[in-house]
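Here is a short report on helix packing. Look first at the sequence and the structure.

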Amino acid sequence: MAGLEKLKKVYHQWGGATTAFFTYTHLSHDLCIGLHMALLPLIREDLGLNYLQAGLLLGAYQITAGLSQIPGGWLGDRINRHIVVAIGLGGVALAAQLVSLSTNYYSLLIILVMMGIMAGAYHPSATSLLSSYVEEGRRGKVLGFHLVGGSAGFMFGPVVGGLLAAILGWRFVFVIMSIPALVAVPLVLRKLRQQKRASDAASVSKAATSSASPAQPISGRITLIQVLRPIAIITTLGVLTQLVIGSAAGFIPLYLVDRHSIAPA
């Protein structure tokens, strides 16, 4: 019993069911977006692509997904973040479904751009939303575990996707691997309804006990420059790191196929 109580305490410290839920949503999201990189040799072989076209397929998603984080975060600040997270999950899953229907290079390129746009809706709102569920003292552990979900998606997606692609073909892999993200959408919206009921109850309680003292005016708005200045160096380093590591990692599957004669499947 003591061991079980200790396990429950650790589970609570790491965010409990809320963290587990958001870890699943992150995993389901990144299951979809890591596939085209791993399946690039099969896609190239099927569509008869050269290196430039294969690189543009990677860049179409990566660049769009990076830039779309900004409007995705802006949108999350203006409407309910649960809805934005659901849009991101559903949009990426539906784009993955469309990948299976692409008939040529250009249609696939457009679909990957659409996937990148939808991907920008998830991360800013999910991180901010998860932070709001836990107190400051536990946020580091909880957010770290949330990131593990994304890493697990990037790890299991190519492994499972590669095995399925060898049997069913690369198009069916996108259909199958998008199912967890589609399942996550109604779960996120259900979480929204639960939070709304809890928020309404808290508002009623607060209104019943609050005093009639006037609200204090907000001092002043923070400008965009004030927000960006402290994180400019970190952002620049992150961009440069992705330019180098992301570009190299994207071509590893093609390198293994062309240089070491490994079968695409």
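Is the crossing of H7 and H8 left-handed or right-handed? The crossing of H7 and H8 is left-handed, meaning that the near helix is turned anticlockwise from the far one by less than a right angle, where clockwise would be right-handed.

This is a predicted model, in which local features need pLDDT of at least 70, side-chain atom pairs count only at pLDDT 80 or more, and totals for chains, interfaces and linings use all residues. Residues are numbered from 1 along each chain as its sequence is written, and side-chain values use heavy atoms, without hydrogens and water.

Helices are DSSP runs (H or I, at least four residues), numbered from the N terminus. Axes are lines fitted to C-alpha atoms over the stretch in contact, with angles from 0 to 180 degrees between N-to-C directions.

| Pair | Axes come within | Crossing angle |
|---|---|---|
| H7 (residues 81–99) and H8 (residues 105–119) | 8 Å | roughly 170 degrees |
| H5 (residues 51–67) and H8 | 6 Å | roughly 20 degrees |

H7 and H8 are therefore roughly antiparallel (over 145 degrees). Their contact (heavy atoms within 4.5 Å) includes Ile-87, Gly-88 and Gly-91 of H7 and Leu-108, Ile-111 and Leu-112 of H8. Its residues divide into 13 nonpolar, two polar and no charged. Ala, Val, Leu, Ile, Met, Phe, Trp, Tyr, Cys and Pro count as nonpolar, Asp, Glu, Lys and Arg as charged, and the others, Gly among them, as polar.

H5 crosses H8 at roughly 20 degrees. That makes H5 roughly parallel to H8 (under 35 degrees). H5 passes H8 in a right-handed crossing. Among the contact residues are Gln-53, Tyr-61 and Thr-64 of H5 and Tyr-105, Leu-108 and Gly-116 of H8. The contact of H5 with H8 has 13 nonpolar, three polar and no charged residues.

Key: Helix = DSSP H or I, 4+ residues; strand = E, 2+ residues; numbered from the N terminus. Parallel < 35°, antiparallel > 145°, perpendicular 65-115°, else oblique.
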